[in-house]
Amino acid sequence: MRLDATAHAHVLTLAGFAAPEPTAPLDTNTRALMASWGETPAVALDPALFMTAWNEAYTALWPDPARIAAPDRNLLLLLLTDPPHQRLLPDWEPVAMDLHRHFRTRADRNPHDDRVRRLAARLREARPDLAAWWSCREVGDFTSRTVELSPAPGAPGLRSTMTLLYPAAGADPILVQRLG
């Protein structure tokens, strides 16, 4: 079938031949590690891409998640619907598409999760123009990428490498951005 490793694991999970990935909230050591990264922006994401923790460097660059209502604190939703996020990342569409594939991979492993269903419905409602995305069954893990950020109008662009790190087996991933 020419599936990559992620798609193969996804099919096995859907067919009942693999257990869903366990998830665990970030422990205090991981939170302390994120806080110690100085100027390296980092945000922890649960399997549905809701932000569960972030460091000061993240809030210095991106809109502060603490100022966003908890039900809206979803990275994919924000990239698709929030003008400040889209202004900061003008070429947001490839990142959002990759996050959507990542979300689909995780969502299909937990088909009875009401939060996943509600988020999927919100995405379809908020962006009906992306109906092709919502009907696409493509899955995949988020891949590291270098992007151009626009921190302020008229300011020079800022290059950032976005990477998902998994701090421990079953723990929520952390999206880390290396600047420069």
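Colleague: How many aromatic pairs does a search of the whole structure find?

Modeller: Keep in mind that this is a predicted model, where local features need pLDDT of at least 70, side-chain atom pairs count only at pLDDT 80 or more, and totals for chains, interfaces and linings use all residues. Residues are numbered from 1 along each chain as its sequence is written, and side-chain values use heavy atoms, with hydrogens and water left out. Rings of Phe, Tyr and Trp (its six-membered ring) pair if their centres lie within 6.5 Å; planes under 30 degrees apart are stacked, over 60 edge-to-face and the rest tilted. Searching the whole structure on that basis, the number of aromatic pairs is two.

Colleague: What kind of pair do Tyr58 and Trp62 make?

Modeller: Their ring centres sit 6.1 Å apart. The planes are at 15 degrees, so the pair is stacked.

Colleague: And is Tyr58 buried or exposed?

Modeller: Buried means under 20% relative accessible area, exposed over 50%, and partly exposed in between (1.4 Å probe, protein chains only). Tyr58 has a relative accessible area of 1%, so Tyr58 is buried.

Colleague: Which residues does His100 touch, not counting those up to four places away in sequence?

Modeller: His100 belongs to helix H6; helices (H or I, at least four residues) and strands (E, at least two) are DSSP runs, numbered from the N terminus. At 7% relative accessible area, His100 is buried. Contact means heavy atoms within 4.5 Å, and with those sequence neighbours left out, His100 touches Leu76, Trp133 and Trp134.

Colleague: How far apart are the closest N and O atoms of Asp98 and Arg145?

Modeller: A salt bridge needs a side-chain nitrogen of Lys or Arg within 4 Å of a carboxyl oxygen of Asp or Glu. Both of these residues, Asp98 and Arg145, are buried. They do form a salt bridge, and the closest N and O atoms are at 2.4 Å.

Colleague: Which parts does that pair tie together?

Modeller: Arg145 is in strand S3 (residues 145–149). Asp98 is in helix H6 (residues 92–109), so the pair ties together parts 47 residues apart in sequence: strand S3 and helix H6.

Colleague: Which residues are linked in a network of salt bridges?

Modeller: Arg101 also has a salt bridge, to Glu138, with the closest N and O atoms 3.9 Å apart. Glu138 is partly exposed at 42% relative accessible area. The linked residues are Asp98, Arg101, Glu138 and Arg145.
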